[in-house]
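These are my notebook entries on one protein model. I set down what I looked up, one topic at a time.

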Amino acid sequence: MRETVAGLFPALRADLEALVRIPSVSNAAFDASSVAASADAVAALLRDVGMPEVQVLRATSADGREGAPAVVARRPAPDGAPTVLLYAHHDVQPPGAASGWDTDPFEPTERDGRLYGRGAADDKAGVVAHVGALRALTALGELPVGVTVFVEGEEEVGSPTFLPFLTQYRDLLAADVIVVADSSNWKVGVPALTTSLRGLVDCEVEVAVLGHAVHSGMYGGPVLDAVTLLSRLIATLHDDMGNVAVEGLVVADEPAVDYAETDFRADSSMLAGTTLAGEGSIAGRLWTKPAIAVIGLDAPSVAHASNTLTPAATAKLSVRLAPGQDPAAAAAALRTHLEAHAPLGARVTVRDGEQGKPFLAPGDSEAMRAARWAFATAWGTDPVDIGVGGSIPFIADLLEVFPDAAILVTGVEDPDSRAHGANESVHLGELEKVVLAEALLLARLGSTAR
């Protein structure tokens, strides 16, 4: 299998490069035809690998909006074998400012064994991992399990039609094991299985103090501008140590994995002299405690500043939730905190946004044992069970619709991948191991069922 994957990998890399060249940004401000082109390209890859049934499908949200195109490909299971659903997504984040990239974000470029480009890691590498595993197994004989490949087209905008899609196409997607190839490995050379994910709530909070802008010299002093007041409100979200200070947010148990501070500083690109926020282990602060970040501000830009007191300002807050936290309760706790801490009586308006449930995998299962064997065989070292500070809210939807399915969250990224950021990349040697591991996993799931 290792030799087969190695022989197939140059073509797989070329397929990944072709996918990266399609600017499939699912954000509404971008051209939706690129997302459609990306879906067609993924469908072509799955037809080429011999999947007998390949469809590009859409679902409609509760408010009547049509979702982005997803690709579903199916091969029925041999008698007595399980069906495995392989998930990835073909849409990508916006590239951001061109000045942040060393090369064109949609022109894949190799440097030092890494392939750079938007989506090269998140998650077109996941698409290629599935295609590669299927090619390898087909090259060595028939697939030992039933396979359904589900490649979503709107993950990067919160999967608004994911649950309607699962409901509408439930019969097509039903599976015994679900492999979600959209997480990270521990580091280059050490694989990981993601066993917990934080949940998510976000909101917009507006602070208003004036009916309109006024001269900062004539009125400044008795009146604080809205940006200053918003800053004072944001500051109440953490204590002096940087711990989250919102009552009602859950803290889960400390993880067993040690994440060294030197590694974390290097992985996160922290500047020299900066101090880590919060208390407890670094892994706990990342995986099993809540975190709050300001991810957007509506306020006058420096370039367009005038000598006036800003009447209103808005921040978008993103809150990551520990396993065990109910998102609705977290959103209510956040609202209560913001309204109770209105600075100097300013008007505080909270507008709720996205909510996603956290995920905690069972400690052991037949599918987990098969995955650990496959990863250890592919890398030559045992995988680490990790949590991830990020969120994949649709996993809760998968569990709701398919409660008996075993879910495996696997990694195509590593700490240097910079998913969502400038200079996103995938380590090509690690991607080859991901392909090998998934092929071995499917083979093992087929053999243990017989």
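**Entry 1: a pocket.** I began with the second largest pocket, which is lined by 19 residues; Ser26, Glu66, Ala68, Glu154 and Val157 lie nearest its centre. I noted its volume as about 400 Å³. By type, its lining divides into ten nonpolar, five polar and four charged residues. Here Ala, Val, Leu, Ile, Met, Phe, Trp, Tyr, Cys and Pro count as nonpolar, Asp, Glu, Lys and Arg as charged, and the others, Gly among them, as polar. A pocket is an open set of points on a 1 Å grid over the protein atoms alone, where a 1.4 Å probe fits, with protein on both sides within 12 Å along at least five of seven lines; lining residues have an atom within 4 Å of a point. Grid points are joined across faces, edges and corners, and the volume is the space filled by probe spheres set on the points.

**Entry 2: how the model is to be read.** I recorded that this is a predicted model, in which local features need pLDDT of at least 70 and side-chain atom pairs count only at pLDDT 80 or more, while totals for chains, interfaces and linings use all residues. Residues are numbered from 1 along each chain as its sequence is written, and side-chain values use heavy atoms, with hydrogens and water left out.

**Entry 3: helix 1.** I checked the length of helix 1 (residues 2-20): at 1.5 Å a residue its 19 residues should span 27 Å, and the end C-alpha atoms are 26 Å apart, which agrees. The expected span is 1.5 Å times one less than the number of residues. Helices (H or I, at least four residues) and strands (E, at least two) are DSSP runs, numbered from the N terminus. Where does helix 1 bend? The bend, about 45°, is at phenylalanine 9, and proline 10 follows within four residues. Such a bend is the angle between axes fitted to the seven residues ending at a residue and the seven starting there.

I then listed the buried residues of helix 1, among them Val5, Phe9, Leu12 and Leu16. Buried means under 20% relative accessible area, exposed over 50%, and partly exposed in between (1.4 Å probe, protein chains only). The cover over these buried residues includes helix 2 (32-48), helix 3 (124-139) and helix 13 (428-448).

**Entry 4: helix 12.** Six of the eight residues of helix 12 (residues 394-401) are buried, so this helix is largely enclosed by the rest of the structure. I wrote them down as Phe394, Ile395, Ala396, Asp397, Leu398 and Val401.

Entry 5: Threonine 148 is in strand 6 (residues 146-152), and at 3% relative accessibility it counts as buried. Not counting residues up to four places away in sequence, threonine 148 touches several residues, including Val72, Thr83 and Leu172; contact means heavy atoms within 4.5 Å. Leucine 360 lies in strand 15 (residues 359-360) and counts as exposed at 61% relative accessibility.

**Entry 6: the backbone in loops.** I found a cis peptide bond from aspartate 122 to aspartate 123, with omega near 5°. Aspartate 123 is in the loop between strand 5 and helix 3. Is serine 269 buried or exposed? Serine 269 counts as exposed, at 56% relative accessibility, and has a positive phi of about 65° although it is not a glycine. Asparagine 423 has a positive phi near 60°, but is buried, with a relative accessible area of 6%.
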